[in-house]
Amino acid sequence: MFALSLGDDGAELRPLEPWHAEEYFAHIDRGREYIGQYIALSDRATDLASATAFLQSYADKAAADSGRIYGIWADGVLVGGVLFRTFDAESGNCEVGCWLEEAAVGRGLITRAIRVLIDWAVEERGMHRVEWLAASSNTASINVAKRLGMVRDGVLRESNPYRGVRHDMEVWSVLAREWRERRASGR
């Protein structure tokens, strides 16, 4: 299909499709504990069949133009990914999200990959608002939103029941005009 370079370190962004299920499952297994700290992604891929079903659900979303998923490969190894969890072209709103293995943290991979998604959503698809949701305790995720120039819209107090605990969720967003201004200024 295609692979987009994420910089001069060899990292690439590629569609993550059902035929990648074995590689995806191995990746989730390597990072299961780290990835599962804040998001249920690792709980959705407990074996090859469930990993395939998860990727198929995003293939179906892509076909319906309601979501997409992409993998991040570093040195030829799948180490994380980004996605449009929701994508509503009619309203002009979408939500981006991410995950990463601990071994790949600190390289700016998520920030670079999400920039690609936001650029495409705003410039190619005419999205007006791109959202980012993160648990208030997920400092790394909130820092990505800040690096992307997103604005903190608010906190959904105790809105996310996860692993027996209710977590506050922060809503961050960037509007198309803000994104364009930021990109024009070189940030």
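This is a predicted model: local features need pLDDT of at least 70, side-chain atom pairs count only at pLDDT 80 or more; totals for chains, interfaces and linings use all residues.

These entries go through the sheet, then the helices.

I then looked up the strand order: 8 strands form an open sheet, ordered 1-2-3-4-5-6-8-7, with mixed pairing. Which strands stand at the edges? I found strand 1 (4-5) and strand 7 (151-162) there; each has a single partner strand, so one side of each is left without a neighbour in the sheet.

**Strands 7 and 8.** I checked how strand 7 is held to strand 8 (residues 165-175): the two run antiparallel and are joined by 8 bridges. For Tyr162, I found that the bridge partner in strand 8 is Val165.

**Helices on the sheet.** I looked at helix 1 next and saw that it packs on the sheet, where it touches strand 3 (68-74), strand 4 (77-88) and strand 5 (93-100). The direction of helix 1 makes about 85° with that of strand 4. Helix 3 (residues 109-124) runs at about 30° to strand 4, and I list strand 2 (12-15) and strand 6 (129-135) among the strands it lies across.

**Helix against helix.** How do helix 1 (residues 21-35) and helix 2 (residues 48-63) pack? I read an angle of about 110°, with the axes 9 Å apart. The two helices are therefore roughly perpendicular to each other. Helix 1 passes helix 2 in a right-handed crossing. I wrote down the contact residues: Ala21, Glu22, Tyr24 and Phe25 from helix 1, with Leu48, Ala51, Thr52, Phe54 and Leu55 from helix 2. By type, I have 7 nonpolar, 1 polar and 1 charged in this contact.

Terms used: Residues are numbered from 1 along each chain as its sequence is written. Side-chain values use heavy atoms; hydrogens and water are left out. Axes are lines fitted to C-alpha atoms, for helices over the stretch in contact, and angles run from 0 to 180 degrees between N-to-C directions. Helices (H or I, at least four residues) and strands (E, at least two) are DSSP runs, numbered from the N terminus. Angles under 35 degrees count as roughly parallel, over 145 as roughly antiparallel, 65 to 115 as roughly perpendicular and the rest as oblique. A crossing is left-handed if the near helix is turned anticlockwise from the far one by less than a right angle, and right-handed if clockwise. Contact means heavy atoms within 4.5 Å. Ala, Val, Leu, Ile, Met, Phe, Trp, Tyr, Cys and Pro count as nonpolar, Asp, Glu, Lys and Arg as charged, and the others, Gly among them, as polar. Two strands pair if DSSP finds at least two bridges between them.
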